[in-house]
Amino acid sequence: MAEVMLPLWFSHEAKELYSNQSIQEAADQDMSPSVRLQEMIRVIRGARTQGEERGVIQRECAAIRAQFRQADNGTRSHNLAKLLYVHMLGYPAHFGQMECVRLIASPRYNEKRVGYLGAMMLLDENQDASLLITNSIKNDLSHSSQYVQSLALCTLACMGSAEMCRDLAPEIDRLLRASNSYIKKKAALCAVHIVRKVPELGELFTPAARALLSEKNHGVLHGAVVLITELCERNIDTLEQFRKVVPELVQIMKGLVMSGYSPEHNVAGISDPFLQVRILRLLRILGRNNDTASDSMNDLLAQVATNTDSSKTAGSAVLYETVLTVMDIKSESGLRVLAVNILGRFLLNNDRNIRYISMTSLQKIVQTDHNAVQRHRGTIVDCLKDQDASVKRRALELSLALVSAVNIRSLMKELLLFLSSCPPELRAHTASGIFNAAERYAPSQRWHIDTILHVLTTAGGDVRDETVPNLIQLITTATDLHCYTVHKLYRALVTDISVQSLVQVACWCIGEYGDLLLTGECEETEPVQVTEDDVLDALETVLQSHMSSPATRGFALTATMKLSTRITHNVDRIRSIVSIYGSCIDVELQQRAVEYNALFKKYDHMRAAVLERMPVIDKSSPGHTNGESAGGTIKEMEPTKLTNELVLPKEPANQVCDLLDLLGGPGEPLHPTPAPSNTVKGPVMSTSGGDLLDLLGGLEVTPAPPCVKVYEKNGVTLKLQTDKQTDTGMNITLTATNSTEADITSLTLQAAVPKSVQLQMKAPSGDVIPAHGLGLVTQTVLLNNPNKVSLKMRVRVCYTSQGTLCQDMVQIDSFPSPTW
Amino acid sequence: MIKAILIFNNHGKPRLSKFYEHYSEDTEQQIIRETFHLVSKRDENVCNFLEGGMLIGGSENKLIYRHYATLYFVFCVDSSESELGILDLIQVFVETLDKCFENVCELDLIFHVDKVHNILAEMVMGGMVLETNMNEIITQVDAQNKMEKSEAGIAGAPARAVSAVKNMNLPEMPRNINIGDISIKVPNLPSFK
């Protein structure tokens with residue numbers, strides 16, 4: 001496979017041409033334009049440091065600027081050439097722009113040449129100076145010398161703006177039809193540039209392009225095919241038109257393939273492979289989704305596929321293009337099999353380039369011909385271990401595309417192995433690919449959890465943020481694996497606390513399922529003797545470590561708190577930890593610690609209920625998808641709830657006792673105040689706590705389920721509707737409206753329910769009901785009825801109407817059913 | 001479409017840089033540096049294709065490069081070009097350079113940057129491959145060079161003519177020329193300086 005490697009050598013001595021003496025002699029002898037440029041280059045290269053070089057270049061630029069300002073002398077082109085060299089090295093050269101314009105307008109060829117080169121390097125469509133050369137280009141396009149014409153075409157194709165293209169398009173069209181082949185081929189590519197800038201002009205060039213196909217000159221043919229490809233890609237109608245030329249293209253290809261040795265266009269035994277590749281690409285576009293066109297190509301493609309010698313790169317390029325075309329058009333199945341086999345052969349080739357190319361093409365067809373590609377899975381997986389980073393990347397993409405339910409276990413092993421040794425820039429991509437694959441095809445929950453934990457341990461730093469809540473959600477659904485999971489996570493936590501995502505999940509699990517950890521027995525994995533102190537030690541290490549991020553410490557603190565209801569002996573230790581963090585600098589931690597402290601002191605009777613085991617998180621709830629917004633509203637609601645907490649106990653205690661009397665029994669777990677819910681105390685991460693706040697799904701406003709009027713007096717109406725009802729609870733909304741002349745103020749609703757039913761009242765939307773039914777106040781109530789007793793509720797309504805305080809009691813015995 | 005063609009040496013010094021899409025000057029230099037960084041890390045026996053750096057279009061663009069002795073030839077292309085075709089194109093380019101400068105070496109590229117640009121202009125135009133036949137390219141380049149040389153000869157002439165006339169030492173013109181009965185009055189022309 002050895003292509004000819006040209007021996008380029010770098011030696012000052014070998015070439016006398018560039019010694020100081022010879023440059024000076026040349027300068028004396030003739031006025032060839034490059035001499036001064038060479039002198040300057042030699043001087044710049046003589047500079048030994050960067051600073052010296054900058055000094056030299058600044059002097060030269062000053063000299064050039066001075067010379068530009070002078071009137072015409074014979075050295076303008078030399079100066080611009082010098083400026084372009086300086087520009088290539090990276091120094092500013094914008095003061096040469098006007099000089100380019102002047103030089104382009106000069107009648108002399110060498111000045112024009114440098115001027116156009118300068119225009120291509122220094123000007124672009126954003127500069128105003130570029131418009132000034134439009135006229136020069138127009139004149140030069142009709143110049144007598146073809147080389148001047150070609151300069152103009154080249155520059156227009158390189159940096160022509162949309163306006164310039166519109167102005168000059170008719171000229172280009174004229175050149176496409178009537179000129180020699182040298183100009184025609186350049187005009188064709190210039191037309192491609194124009195079509196890219198101004199797509200509407202495509203129609204202008206269509207007839208000319210069509211006519212160019214009958215040229216014999218390969219350069220012109222090549223340009224014509226490129227132009228037609230561009231036109232067809234932009235415009236469907238043009239595509240339809242050009243379908244008719246498929247037979248012509250097939251003829252040209254046949255001629256190229258079957259012709260004998262042609263010395264002009266031969267590259268490594270293939271006759272003009274560049275043109276062949278272009279034509280194949282055009283055939284692909286024309287044959288896509290079209291049966292007749294595809295049929296007429298079938299024979300040709302088979303011929304090319306079998307006759308092309310692929311021992312050199314040129315042949316491989318043609319074969320590769322043929323394969324892509326076959327897979328893209330509506331070819332017959334025998335041909336497709338042939339194509340995939342060729343790709344398979346490429347895959348086993350020793351040349352890395354060929355392997356890379358074949359994987360790129362397999363990537364393109366893996367969606368449509370999945371089974372064919374699966375056959376080569378072994379080789380592709382082997383390429384994961386190749387030393388070449390590009391080949392590795394291709395192999396990774398392809399492996400991820402080939403994952404299916406059948407091969408998930410074996411393929412995942414390979415991918416995990418790859419993850420531990422892959423280059424760092426591919427890690428994040430691999431990790432997310434593994435997660436996606438695991439989610440779609442996981443054969444069992446345990447396998448799924450194991451895989452995710454493995455990824456977190458190997459590459460936890462590179463995973464996305466959603467991994468943590470997703471994993472937590474997964475763990476809660478795998479109810480029988482809680483014991484196993486918490487054991488595994490505890491072991492991981494004790495080993496290493498540097499990977500934040502893993503530590504967060506571990507803390508959450510230990511907080512939730514710490515009791516399972518402490519019982520010490522587990523079927524699926526070896527039990528480990530863990531004492532309460534060990535667990536608290538682990539969590540405290542996380543809290544105090546410098547490696548832990550603020551979010552992780554929040555997790556750890558909450559987990560510690562949750563353990564207070566799950567362990568028996570060390571509750572005091574937890575109390576002390578929590579009170580210490582009440583003065584922590586981090587505001588989030590401080591707030592949590594203060595609230596937990598309050599839970600210990602004032603609301604100890606509620607602690608067990610608040611810190612209960614969380615229910616299974618439903619992944620598809622709105623709370624899950626509206627991550628930030630739900631989290632945001634909850635943060636806002638916290639202060640209102642807390643203020644309510646403070647407000648209501650101020651009310652005379654006898655009112656609370658009245659309710660107690662009515663419901664006939666002391667020690668009722670009354671909840672007249674909206675209690676801090678365990679969802680709020682859950683690990684509310686500042687970034688993505690949304691899906692854990694699922695229990696607030698009851699906040700959603702459903703469209704008009706049946707409303708029952710439960711109270712109507714003094715113009716105040718209270719309605720009740722059920723938002724959601726399950727076996728063990730329901731969410732209801734109370735709506736208050738006012739039909740009197742004046743506003744109703746200080747509205748409060750209090751509720752009481754039977755023993756064993758848990759009540760939670762959300763903050764009301766307000767406490768003023770506007771008059772004349774212009775507005776309303778709503779309040780959501782969540783009822784949790786685990787023992788399934790018959791639900792009854794007493795609601796006390798208090799409000800001020802026209803200066804008088806009113807109070808009423810309503811009993812609700814039956815609740816309407818929700819519409820759904 | 002070819003987005004850029006870069007030639008730089010083993011130390012990252014640019015020998016030729018041609019961009020077919022507009023970038024600001026700073027971005028161009030950054031691209032050169034970034035490309036050198038990516039390409040110089042590669043081993044000798046890995047494949048010649050690299051995914052492009054962030055600056056020049058990220059994952060859609062590829063860098064196709066060839067390393068000859070002290071020079072890297074890098075073509076940055078998008079997905080519409082055939083990778084193996086571009087690899088062959090680089091080979092054709094280098095062979096053409098070899099024919100135009102006898103046994104080309106790095107110094108030739110350094111001191112004749114403009115000539116290299118001219119050769120490249122015959123092969124790639126506006127980011128698209130124009131001509132791949134080496135002989136054709138060389139013929140055109142030779143013809144253009146001949147045109148330049150012939151102009152340089154003519155271009156020198158007006159300047160030399162003017163200076164020659166200025167240096168002429170014209171004797172004093174007679175005011176009157178009397179030839180028999182005819183009297184010609186010579187107008188008083190300003191001295192021809």
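1. Overall make-up. Chain A holds 37 helices and ten strands. Please keep in mind that this is a predicted model. Of the 820 residues in chain A, 55% are buried. The accessible surface of chain A is about 36,100 Å². Carbon and sulfur atoms account for 52% of that surface.

2. Contacts along the chain. Take the contacts in chain A between residues at least 6 apart in sequence. Of these, 66% join residues at least 24 apart.

3. Helix H17. This helix covers residues 313-328 of chain A. Its 16 residues should span 22 Å at 1.5 Å a residue, and the end C-alpha atoms lie 23 Å apart, so the two values agree. Is H17(A) enclosed or open to the outside? Buried means under 20% relative accessible area. By that cut-off 15 of the 16 residues are buried, so H17(A) is largely enclosed by the rest of the structure.

4. The A-B interface. Chain A brings 85 residues to the contact and chain B brings 76. About 7,100 Å² is buried between the two chains. Carbon and sulfur atoms give 58% of that area. Polar links are present too: 22 residue pairs are in polar contact, with both residues at pLDDT 80 or more. Eight salt bridges run between chain A and chain B. One salt bridge joins the side chains of Lys185(A) and Glu131(B), at 2.7 Å from N to O.

5. Salt bridges in general. Side chains of opposite charge can pair when their charged atoms come close. Over all chains, the count is 44 salt bridges.

6. Asp140(A) and Lys112(A). Their side chains form a salt bridge at 2.9 Å, N to O. Asp140(A) sits in helix H7 (residues 129-141) and Lys112(A) in helix H6 (residues 109-122), so the pair ties together parts 28 residues apart in sequence. Both partners are buried: Asp140(A) has 3% relative accessibility, and Lys112(A) has 6%.

7. Arg446(A) and Asp450(A). The closest N and O atoms of this salt bridge are 3.8 Å apart. The two residues are four apart in helix H25 (residues 445-459) of chain A, so about one helical turn separates them. Arg446(A) is partly exposed, at 31% relative accessibility.

8. Arg573(A) and Glu540(A). This salt bridge is 2.6 Å from N to O. The pair links distant parts of the chain, 33 residues apart. Arg573(A) belongs to helix H31 (residues 571-580) and Glu540(A) to helix H29 (residues 532-544).

Notes: Residues are numbered from 1 along each chain as its sequence is written. Chains are lettered from A and ligands numbered from 1 in the order in which they are written. This is a predicted model: local features need pLDDT of at least 70, side-chain atom pairs count only at pLDDT 80 or more; totals for chains, interfaces and linings use all residues. Side-chain values use heavy atoms; hydrogens and water are left out. The expected span of a helix is 1.5 Å times one less than its number of residues. Buried means under 20% relative accessible area, exposed over 50%, partly exposed in between (1.4 Å probe, protein chains only). Contact means heavy atoms within 4.5 Å. Accessible areas come from the Shrake-Rupley method with a 1.4 Å probe; for residues, only the protein chains shown count as cover. Buried area is the accessible area (1.4 Å probe) that two parts lose on being put together, summed over both. A salt bridge is a side-chain nitrogen of Lys or Arg within 4 Å of a carboxyl oxygen of Asp or Glu. A polar contact is a pair of N or O atoms within 3.5 Å; within protein, one must be able to donate a hydrogen and the other to accept it, and residues adjacent in sequence count only if both atoms are side-chain atoms.
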